[in-house]
Each structure stands twice: as structure tokens, then as C-alpha cells.
Amino acid sequence: MGWTAEQSKILSIIPHFTGAFSFIGSSSIIIMILRDRRKKLSKPYYRLLFAMCVFDIFASVALGLSTWPIPEGSPGVYDPKGTVGTCSAQAFFIQANIASPVQLYVECL
């Protein structure tokens with residue numbers, strides 16, 4: 001049993017907003033860090049936060065695009081507009097977001 005057309009539409013539209021909010025939040029944190037970079041980037045806490053925000057921006061954009069990068073004509077997908085290349089690029093950036101918690105984990109060892 002799959003999603004109804006209305007559910008697919010809603011599940012496709014919501015990430016556009018949440019991705020934008022995440023992008024704005026991560027960008028704001030980066031701007032706050034860079035405004036006082038001498039003081040803040042000298043501390044490991046802010047360097048970790050900065051790196052995590054950079055990776056989060058990539059993932060926010062990729063997730064915010066939602067179903068748009070999926071190849072046109074894909075069955076059961078609401079409003080696909082992309083190609084195999086755009087779909088692969090989106091998958092790369094979503095998977096690259098794994099680097100953020102892995103980086104934090106490795107540095108905590």
C-alpha cells in the first residue's frame with residue numbers, strides 16, 4: 001500500500017520549507033562565527049561547529065530540493081524534474097552530511 005497522491009504531494013513540499021529553515025540556521029551560525037573569527041576560530045568548539053554547519057548547508061540544500069532532482073517520469077513521485085545526474089548529485093550531498101557526526105565522533109575519541 002503506497003501513499004495517496006495528496007500524501008505524496010505533501011511529503012514532497014514539506015522538505016522545501018524545512019531545508020530552507022535549516023540552510024538559514026546554519027548560515028546564521030557561520031556568519032556569527034566569522035564575524036568574530038579571530039576569537040572564535042581559535043577555539044576547537046567553534047571550529048567543530050563551523051565544520052558541522054558547512055556540511056549541514058550542503059545537506060539542507062540537497063534535502064530542500066526534495067523530489068525535484070529525481071528523473072522525470074519516475075513512477076510514484078510527485079513533481080520530479082531532474083535527470084539521473086541531478087539525482088546522483090543530490091544523493092552525494094545527502095550522504096556527505098554523514099561526515100558531520102563522523103567528524104565529531106572521531107574528534108571525541
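**Close-up views of a predicted helical model**

**View 1. Serine 66 in its loop.** Serine 66 is placed in the loop between α3 and α4, where helices (H or I, at least four residues) and strands (E, at least two) are DSSP runs numbered from the N terminus. This is a predicted model, in which local features need pLDDT of at least 70 and side-chain atom pairs count only at pLDDT 80 or more, while totals for chains, interfaces and linings use all residues. Residues are numbered from 1 along each chain as its sequence is written, and side-chain values use heavy atoms, with hydrogens and water left out. Although serine 66 is not a glycine, it has a positive phi of about 55°. Serine 66 counts as buried at 11% relative accessibility (buried means under 20% relative accessible area, exposed over 50%, and partly exposed in between, with a 1.4 Å probe and protein chains only).

**View 2. Aspartate 79 in the loop between α3 and α4.** Aspartate 79, which is not a glycine, has a positive phi of about 60°. With a relative accessible area of 28%, aspartate 79 is partly exposed.

**View 3. The packing of α3 (residues 44–64) with α4 (residues 84–96).** The two helices pack at an angle of about 140°, with their axes 8 Å apart; axes are lines fitted to C-alpha atoms, for helices over the stretch in contact, and angles run from 0 to 180 degrees between N-to-C directions. Helices α3 and α4 are therefore oblique to each other (angles under 35 degrees count as roughly parallel, over 145 as roughly antiparallel, 65 to 115 as roughly perpendicular and the rest as oblique). On the α3 side, Phe55, Phe58, Ala59, Ala62 and Leu63 meet Gln90, Phe93, Ile94 and Ala96 of α4, contact meaning heavy atoms within 4.5 Å. The residues of this contact of α3 with α4 comprise eight nonpolar, one polar and no charged (Ala, Val, Leu, Ile, Met, Phe, Trp, Tyr, Cys and Pro count as nonpolar, Asp, Glu, Lys and Arg as charged, and the others, Gly among them, as polar).

**View 4. The packing of α3 with α5 (residues 99–108).** Helices α3 and α5 pack at an angle of about 160°, with their axes 9 Å apart, and are therefore roughly antiparallel to each other. Leu48, Ala51, Met52 and Phe55 of α3 make the contact with Ala99, Ser100, Gln103, Leu104 and Glu107 of α5. By class, this contact of α3 with α5 has six nonpolar, two polar and one charged residues.
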